[in-house]
Amino acid sequence: GDILDDYLRTDGIWLLTRNKQFYRTNNEKECAEKCDAERSFTCRAFLFTRKKLQCLTLAENAKMTVMFNSTDSVLYEKKIYLLQCKRGIGKDYRGMEAKTRRGIPCQKWAEKTPHNPNYTPEKHPNKGLEENYCRNPDEDENGPWCYTTDPTTRYDYCNIPEWECMHCNGEDYRGEVSRTESGLKCQRWDAQEPHMHGFTQKHFPEKDLKMNYCRNPDGDLRPWCFTTSPTKRWEYCNIPHCTTHLPVSAVGSQCLSGKGEEYRGTIAITESGNACQRWNTQYPHRHGWIPDRYPCRGLEENYCRNPDGEKRPWCYTINSSIRWEYCAIPHCDGTEQGTAGMSMDVPMQVPLTEECYRGKGQSYHGTTSITVSGKKCQAWNSMFPHRHEKTPDRFPNADLRDNYCRNPDGDNSPWCFTTDPSVTWEYCNLKRCDDHTQE
């Protein structure tokens, strides 16, 4: 194919860069050949000016330096250096991930401490062994790796998502598919037309909400996007599952670390002594956490788990009058599980008998956060488990605090989104105030 197919083109852009070489070429293709043949540094991009027919090969791309507007210049960036994912085993991965799957910073390939490396830039100049970026110079079937800065661990693998395929439910998908499974074009994440939404790079900086690429920022079944069709708000994308397995970290798997999302122990009883309901059953409580739908959440047997980002592991109970409860899981650091710091979490409020609402409840500012069926409310500034537009930013006068019941849209009475994936919203367990009772 065309040599320029390996580059991403952007018109009217200039990069501020120190490491560069000047050439005189007749066109962009000749400039691309100069970039490919560059030996004084790793050429990640080039600038071409039409009037002067000037070619600048660059060691940096737009991810690494400052951009300026320049009407006469065209920027071409090598796509391989823009990718944050890998193809196959990642032998050509040239991204900038520089820590292991356990979060340990990588050692620079050119350094000899704390580990004396077998693979160095001098011995393997074509393997991309720059800085301390994860690479796969020996074509390891487990993917990119690096020497670590931990003296007790010589090397470890890195968590690099695969190109155009997904692990689990696709939370790690970073490919460039931008059409839905029915063929509709995706709406850009930074656009609010034709569909308004709360999924922005500002609110979800770790979810890679770039361009109009399919993503799964809210832990849904698989990647999706808002569509450019006014009649279809959103739709799933057709992303195949990866053939290789994601490296699994065993850190904290049998004890509580953080919120316990990685807990894979066998405790199956709640903190009040209720036995847990099996995840693959719908009795006595119907729910949406079906193991086949969420293959990487560890929903085995009736073990306590945290598939939805709660404050700690929990389970549905076999007690028909108690839908779910938290579990008592020992901390990995040996401390007792307590209630310290829970005030910072989304509150779980029991409805107060004296609380009530007037009219349609648009003036209600109480702290009830339980629905009519006993479900806990989802926080208004959260997009999990249900994505929505009713955010505090969009309804600044509706007092959308925490997960308290409110009526921002003039419904019949106060309501909320629920934390049950199978039930989007419900009215709240509130009564209308008696006209003769003071509010």
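Asp420 and Arg323 are both buried in this predicted model. The two residues form a salt bridge in which the closest N and O atoms are 2.4 Å apart. Asp420 sits in the loop between strand E13 (415-417) and strand E14 (425-427), while Arg323 sits in the loop between E10 and strand E11 (324-326), so the bridge ties together parts that are 97 residues apart in sequence. Salt bridges with shared partners also join Arg174, Asp208, Lys210 and Arg215 into one network.

## Salt bridges

Side chains of opposite charge can pair when their charged atoms come close. The structure has 26 salt bridges. Three of them are set out below.

| Salt bridge | Closest N and O atoms |
|---|---|
| Asp420 with Arg323 | 2.4 Å |
| Glu271 with Arg312 | 3.1 Å |
| Glu131 with Lys108 | 3.7 Å |

In the bridge of Glu131 with Lys108, the closest N and O atoms are 3.7 Å apart. This pair links distant parts of the chain: Glu131 and Lys108 are 23 residues apart, each in the loop between strand E5 (67-78) and strand E6 (145-147). Glu131 counts as partly exposed because its relative accessibility is 43%. Lys108 is also partly exposed, at 36% relative accessibility.

For Glu271 and Arg312, the closest N and O atoms of the salt bridge are 3.1 Å apart. Here too the pair links distant parts of the chain, with Glu271 and Arg312 in the loop between strand E9 (234-236) and strand E10 (314-316), 41 residues apart. How do the two partners stand in terms of burial? Glu271 counts as partly exposed, with a relative accessibility of 46%, whereas Arg312 counts as buried, at 8%.

## The chain as a whole

The protein chain has one helix and 15 strands. Its C-alpha atoms fill a box of roughly 85 × 50 × 40 Å along the principal axes. Of the 439 residues in the chain, 46% are buried. The chain exposes about 23000 Å², and carbon and sulfur atoms supply 48% of that area. Among contacts between residues at least 6 apart in sequence, 61% join residues at least 24 apart.

## Domains and annotated segments

The chain is divided into domain 1 (7-81), domain 2 (256-330) and domain 3 (356-438). The C-alpha centres of domain 2 and domain 3 are 26 Å apart. Eleven residues of domain 2 are in contact with seven residues of domain 3.

An unreviewed UniProt entry lists "domain: Kringle" for residues 84-162, 164-242, 254-332 and 355-433. Over residues 84-162 the chain is 0% helix and 8% strand, and the end C-alpha atoms lie 9 Å apart. Over residues 164-242 the chain is likewise 0% helix and 8% strand, and there the end C-alpha atoms lie 8 Å apart.

## Individual residues

Thr317 is in the loop between E10 and E11. Is Thr317 buried or exposed? Thr317 is buried, because its relative accessible area is 0%. Which residues does Thr317 contact, leaving aside its neighbours within four places in sequence? Its contacts include Thr270, Asn274, Ala275, Cys276 and Gln277.

Trp425 belongs to strand E14. With a relative accessibility of 37%, Trp425 counts as partly exposed. Residues up to four places away in sequence aside, Trp425 touches Asp411, Trp415, Cys416, Phe417 and Thr418. Trp415 and Trp425 are ten residues apart along the chain, and their C-alpha atoms are separated by 7.2 Å.

Which residues make the nonpolar surface patch of about 270 Å²? The patch is made by Leu16, Val66 and Phe68. Leu16 lies in the loop between strand E1 (7-15) and strand E2 (20-24). Leu16 counts as partly exposed because its relative accessibility is 48%.

Methods: Residues numbered from 1 in each chain as written. Predicted model: local features only at pLDDT ≥ 70, side-chain atom pairs only at ≥ 80, totals over all residues. Heavy atoms only, no water. Patch = residues over 30% accessible without salt bridge, like charges linked within 9 Å, V, L, I, M, F, W, Y side chains within 5 Å. Areas by Shrake-Rupley, 256 points an atom, 1.4 Å probe, with all protein chains shown as cover. Salt bridge = Lys/Arg side-chain N within 4 Å of Asp/Glu carboxyl O. Helix = DSSP H or I, 4+ residues; strand = E, 2+ residues; numbered from the N terminus. Buried < 20%, exposed > 50% of the residue type's maximum accessible area, 1.4 Å probe, protein only. UniProt positions renumbered as here; feature names shortened; annotations may be inferred. Contact = heavy atoms within 4.5 Å. Domains from an automatic or database assignment.
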